[in-house]
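Okay, quick one from me today. Have a look at the model on the screen, and I'll walk you through a sheet and a disulfide.

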Amino acid sequence: QAQFVESGGGLVQAGGSLTLSCVASGSALSINPVGWYRQVPGKQRELVAGVRSGGVTKYPNSVRGRFTISRDNVKNTVYLQIHSLKPEDTAVYYCNGARGLGWNGGIVPWGQGTQVTVSS
């Protein structure tokens, strides 16, 4: 069964850093590209970082310079490093395969995600 399992979230103070992990299993291992997404209640899930083979990355302007995505194919893991956290980064973070020009996620069923809460 293809799935991504996210971890690494937590409660951090503004200005702090976190590294989120996303482990792929089953046929998800071969999915490319992969994106990290976040969602807050009442809003649509949004892409915050994407990576494709060859190390090509994509970031929206809202997080560029603070978020870094990387992929370790040996460990079947995609990482998201977040620096200079802001309260508006508070959300549930998910990873998934991405497709289309908009890097839309949802190639496999969404996992439970990992909660990131940033206190001011």
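Predicted model: local features only at pLDDT ≥ 70, side-chain atom pairs only at ≥ 80, totals over all residues.

Let's start with a strand pair: strand 5, residues 46-52, runs antiparallel to strand 6 over 3 bridges. Strands here are DSSP E runs of at least two residues, numbered from the N terminus, and two of them pair if DSSP finds at least two bridges between them. Within that pairing, valine 51 sits opposite threonine 57 of strand 6.

Numbering starts from 1 along each chain as its sequence is written, and side-chain values use heavy atoms, with hydrogens and water left out.

Zooming out, 6 strands make an open sheet with mixed pairing, in the order 2-10-9-4-5-6. At the edges you've got strand 2 (10-13) and strand 6 (56-58), each pairing on one side only.

Now, the disulfide, meaning a pair of cysteine sulfur atoms within 2.5 Å. How many do we get by this rule? The count is 1 disulfide. Cysteine 22 and cysteine 95 form it, with their sulfur atoms 1.7 Å apart. Cysteine 22 is in strand 3 (residues 18-25) and cysteine 95 in strand 9 (residues 91-97), so the pair ties together parts 73 residues apart in sequence. The S-S torsion is about 70°, so this disulfide is right-handed.

Buried or exposed, cysteine 22? Buried (under 20% relative accessible area, 1.4 Å probe, protein chains only), with a relative accessible area of 1% for cysteine 22. Cysteine 95 is buried as well, at 1%.

Key:
Helix = DSSP H or I, 4+ residues; strand = E, 2+ residues; numbered from the N terminus. Buried < 20%, exposed > 50% of the residue type's maximum accessible area, 1.4 Å probe, protein only.
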